[in-house]
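This report describes selected features of a protein structure, from strand pairing to individual residues. Please consult the sequence and coordinates shown here alongside the text.

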Amino acid sequence: MLRTLTPPPTGLVTTMPNTKLSLLICTRDGSRTIERAIRAIIAQGRNSLEEYEIVVVDNNSSDNTLEIARATLSSSSVSFQILQEGKPGKIYAFLAGVAACRGDAITIIDDDNVIGDGFISVVTDLLASYPKVAMIGSHNSLALPSTSHVPEWFEWMRGRYGCGQPYLNEVVHKTETTTIARTGVIAGAGSTFRKQPLIDCLNSGYTFYNDTQRGSGMSVTGEDLELCWLFRSMGLLFAYDARLLLSHLVNPDRLTIPAAYRLSRTIGAGALGTDPFIFTPPPNEVRTLTRLRHTWQWQLLSKLKRYLSLWARSPFPSHFLQENSWRSAIARTECWGAIARIARERGRYTAHINQVTDGEWTRYRVR
């Protein structure tokens, strides 16, 4: 069940009946960029109380992020909420925001994102036109200070930095700008999802495996990918529209080779959240081999096998700028991130497998 939230401080919420869309900003120490993110939303020009709200959830910022957000929002006519989530980890801020959002749909805007003109109009029109679409992705591009250099290898890593367009498969409908599909991998930044399917899963007992910042010094990303697979398991559809533009203001410090490898390890660790959705069979299909695959031992061995295979293929990458060498090195790094997390979280990983296998939503299992 969702936790009951402490009401936000007086004066930080404006009255807003019948909200159609909530734009959720989860932030921690985002003072450098959050004002630009908020002003880009306000500039959309759809300021009727019935159109949308902005919800900011602060996750233990040590700077003046809250003050900047409060001042920016208070000077506008947009409806808003400002909340504080004390438990460290983006997933906790995210779930706190989801519980507080009063819209039927939620758009995720990171504190370093700037949405393009007409973003809200396109999203609301898509939601009205395609009622079976549960999640919509945007076209994200990299934004850097004018003095910064974009490394050559970034083009190969674009998707891992949330700068690109979603990957959609099993397309069921396509227009000049819009693609509707049965499966999708959509980055969290700029994504929009319907609130009710997620609430239904949470109320049925689903808990996210990925919580972004774990103990023992392990960082994990992947709550957005886990959400994609959760919706897919329910038989819902995905969409992408080329008119949904977003700029991702990436800190230049993240565009180094060591940072790229660190990111890859967190992505590999986060990918474990999708494992049960991928290898769980359809209902009523029970086999000994399948039950064996539903164990951390089997999954650890399978990932070790893949890691050794990748190592044998290219044990010493000659240069990060060579694409083939890069692909093997990054894949191996992601695989190692998964191996390290399974080794640390054997019991928790097994519990995640069991909840996906036995949860009430399994009746929607993808065939």
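## Pairing of strand 6

Strand 6 and strand 9 (residues 192–194) are paired in the antiparallel sense, with two bridges between them. Within this pairing, M135 stands opposite F193 of strand 9. The model is a predicted one.

Strand 6 also pairs with strand 10 (residues 237–249), here in the parallel sense and over nine bridges. S141 has S247 of strand 10 as its bridge partner. Strand 6 itself, spanning residues 133–143, is mostly covered, with eight of its eleven residues buried.

In soluble globular proteins, nonpolar side chains tend to be buried together. The largest nonpolar core of this model has 37 residues, and the members that touch the most others are L24, F94, F193, L198 and F231. At least two residues of this core come from each of strand 1 (21–27), strand 2, helix 3 (90–100), strand 4, strand 6, helix 6 (195–203), helix 7 (223–233) and strand 10. Helix 3 provides the largest share, six residues.

Which residues does F231 contact, leaving aside neighbours within four places in sequence? The contacts of F231 are A134, M135, F193, R194, P197, L198, L236 and F238.

D110 occupies the loop between strand 4 (105–108) and strand 5 (113–115). Is this residue, D110, buried or exposed? Its relative accessibility is 15%, and because buried means under 20%, D110 counts as buried.

The side chain of D110 forms a polar contact of 3.2 Å with the side chain of K90. Not counting residues up to four places away in sequence, D110 touches I25, A37, K90 and A189.

## Residues with positive phi

Most residues other than glycine have a negative phi. N60 is placed in the loop between strand 2 (52–58) and helix 2 (65–74), and its relative accessible area of 35% makes it partly exposed.

E170 is another residue other than glycine with a positive phi, near 55°. E170 lies in strand 7, which covers residues 167–174. At 40% relative accessibility, E170 is classed as partly exposed.

Definitions and conventions. Residues are numbered from 1 along each chain as its sequence is written. This is a predicted model: local features need pLDDT of at least 70, side-chain atom pairs count only at pLDDT 80 or more; totals for chains, interfaces and linings use all residues. Side-chain values use heavy atoms; hydrogens and water are left out. Helices (H or I, at least four residues) and strands (E, at least two) are DSSP runs, numbered from the N terminus. Buried means under 20% relative accessible area, exposed over 50%, partly exposed in between (1.4 Å probe, protein chains only). A polar contact is a pair of N or O atoms within 3.5 Å; within protein, one must be able to donate a hydrogen and the other to accept it, and residues adjacent in sequence count only if both atoms are side-chain atoms. Contact means heavy atoms within 4.5 Å. Two strands pair if DSSP finds at least two bridges between them. A nonpolar core is a set of buried Ala, Val, Leu, Ile, Met, Phe, Trp, Tyr and Cys residues joined through side-chain atoms within 4.5 Å.
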